[in-house]
Amino acid sequence: MTWRKENPMRINRYLAKCGLASRRKAEDYIREGRVTVGGEVLRDLSYQVQAGDRILVDGKEVRFEEEVFFLYHKPIKVLVSHHDPFHNRLIYDDLPKMDSLFAVGRLDFNSEGLLFVTNRGGLAQTIAHPSYQMEKEYWVFLDRPLPAIDEAWTRFGLTFRGIHYRPDHLEFLTKEDIDGRSYALTDWPPEGSGNGQLVKIILHEGKKREVRRFFQGLGYEVIRLIRVRLGPLDIGGLRAGQYRPARPEEISALEEWSSMVRKGNN
């Protein structure tokens with residue numbers, strides 16, 4: 001989507017399309033006096049952005065960019081961050097050089113898998129917000145066999161170090177499952193991992209290191225973890241470090257989901 005500068009656009013919509021924030025948050029910035037147009041603090045929430053307007057937020061100029069939506073396969077030992085003082089590799093090193101890209105669905109340094117990356121701030125915040133509970137699917141390789149899956153784990157969950165974890169679904173994965181997705185998963189099961197166990201886990205809560213801590217609470221160590229699905233988005237054939245533009249039907253599915261959960265939370 002592009003914006004023709006000769007067509008005025010309401011200021012909150014403009015700031016959202018610049019990837020700065022949602023429309024509602026952009027209005028908060030205006031109320032707080034953080035937005036200037038032509039060197040003057042803007043107070044009018046209905047202001048229409050015109051061609052030639054120089055707009056600053058917190059003293060930094062913001063510019064409209066075409067909306068972009070990417071699916072990205074984060075490798076292990078890559079940070080989901082814009083900056084790192086220790087000079088680790090960042091996901092944005094693999095992506096197009098654009099301002100205001102948001103990575104949705106954080107993964108820790110030693111985990112890999114699907115991220116959704118966009119400069120559309122409102123959509124990114126909706127997907128990432130814990131209260132909207134987007135479903136996420138992970139494949140997890142454990143350090144040793146798991147004898148059985150207890151139905152109570154998904155019905156009641158478990159508490160580990162004072163935090164409660166409850167997955168939506170757990171199941172063992174077969175060799176056919178692995179072979180069927182091997183185009184996207186290199187070195188599965190992990191080389192040298194011994195007699196481990198591959199398990200699929202689906203959850204939506206989004207607590208920090210939730211998958212690892214759930215299995216740690218059961219007495220198992222996660223050797224390798226990959227997210228293969230984020231809501232309607234699937235990692236497909238993306239190899240580690242690769243990205244591709246989201247397809248129109250994928251964006252439509254995300255927007256339909258976003259609209260549905262917003263209505264459900266109002």
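Which order do the strands of the open sheet of 4 strands follow? Here is a short tour of the predicted model, starting with that sheet.

The order is 3-2-5-6, and the pairing is antiparallel. At the edges stand strand 3 (40–41) and strand 6 (60–61); each has a single partner strand, so one side of each is left without a neighbour in the sheet. Strand 5 (residues 55–57) runs antiparallel to strand 6 and is joined to it by 2 bridges. Within this pair, Leu56 has Glu61 of strand 6 as its bridge partner.

## Overall make-up

Stepping back, the protein contains 7 helices and 17 strands. It has 266 residues, and 47% of them count as buried. Among contacts with a separation of 6 or more, 70% are between residues 24 or more positions apart. The exposed surface comes to about 14100 Å², with 48% supplied by carbon and sulfur atoms.

Helix 2 (residues 23–31) has a buried side formed by Ala26, Glu27, Tyr29 and Ile30. These residues lie on the same side of helix 2 because they cover an arc of only 155 degrees around the axis. The face turned away from that buried side carries Arg24 and Arg31, which are exposed.

What do the buried residues of helix 2 pack against? Their partners are strand 1 (9–10), helix 1 (11–17), strand 2 (35–37) and strand 5. After helix 2 comes Gly33, with a positive phi near 75 degrees.

In soluble globular proteins, nonpolar side chains tend to be buried together. In this model the largest nonpolar core holds 31 residues, and the members that touch the most others are Val140, Ile201 and Phe215. Two or more residues each come from strand 7 (69–74), strand 9 (112–118), strand 10 (136–142), strand 11 (158–160), strand 14 (197–203), helix 6 (210–217) and strand 15 (222–230). Another core of 26 residues lies apart from this one, and includes Phe69, Tyr132, Trp139 and Trp257.

Beyond its neighbours within four places in sequence, Val140 contacts Gln197, Leu198, Val199, Ile201, Val211, Phe215, Val222, Arg224 and Leu225.

## Strand 7, covered on both faces

In a regular strand the side chains alternate between the two faces of the sheet. For strand 7, one side carries Phe69, Leu71 and His73 and the other Phe70, Tyr72 and Lys74, and all of these are buried. That makes 6 of its 6 residues buried.

Which strands does strand 7 pair with? Strand 9 is one antiparallel partner, joined through 6 bridges, and there Gly113 stands opposite Lys74. Strand 17 (residues 243–245) is another, also antiparallel, over 3 bridges; in that pair Tyr72 faces Tyr243.

## A lysine under cover

Apart from residues up to four places away in sequence, Lys200 touches Glu137, Tyr138, Trp139, His169, Leu170, Glu171 and Leu173. Trp139, one of these, is a member of the core of 26 residues.

Conventions
Residues numbered from 1 in each chain as written. Predicted model: local features only at pLDDT ≥ 70, side-chain atom pairs only at ≥ 80, totals over all residues. Heavy atoms only, no water. Buried < 20%, exposed > 50% of the residue type's maximum accessible area, 1.4 Å probe, protein only. Contact = heavy atoms within 4.5 Å. Areas by Shrake-Rupley, 256 points an atom, 1.4 Å probe, with all protein chains shown as cover. Core = buried A, V, L, I, M, F, W, Y, C linked by side-chain atoms within 4.5 Å. Pairing = 2+ DSSP bridges. Arc of directions from axis to C-beta.
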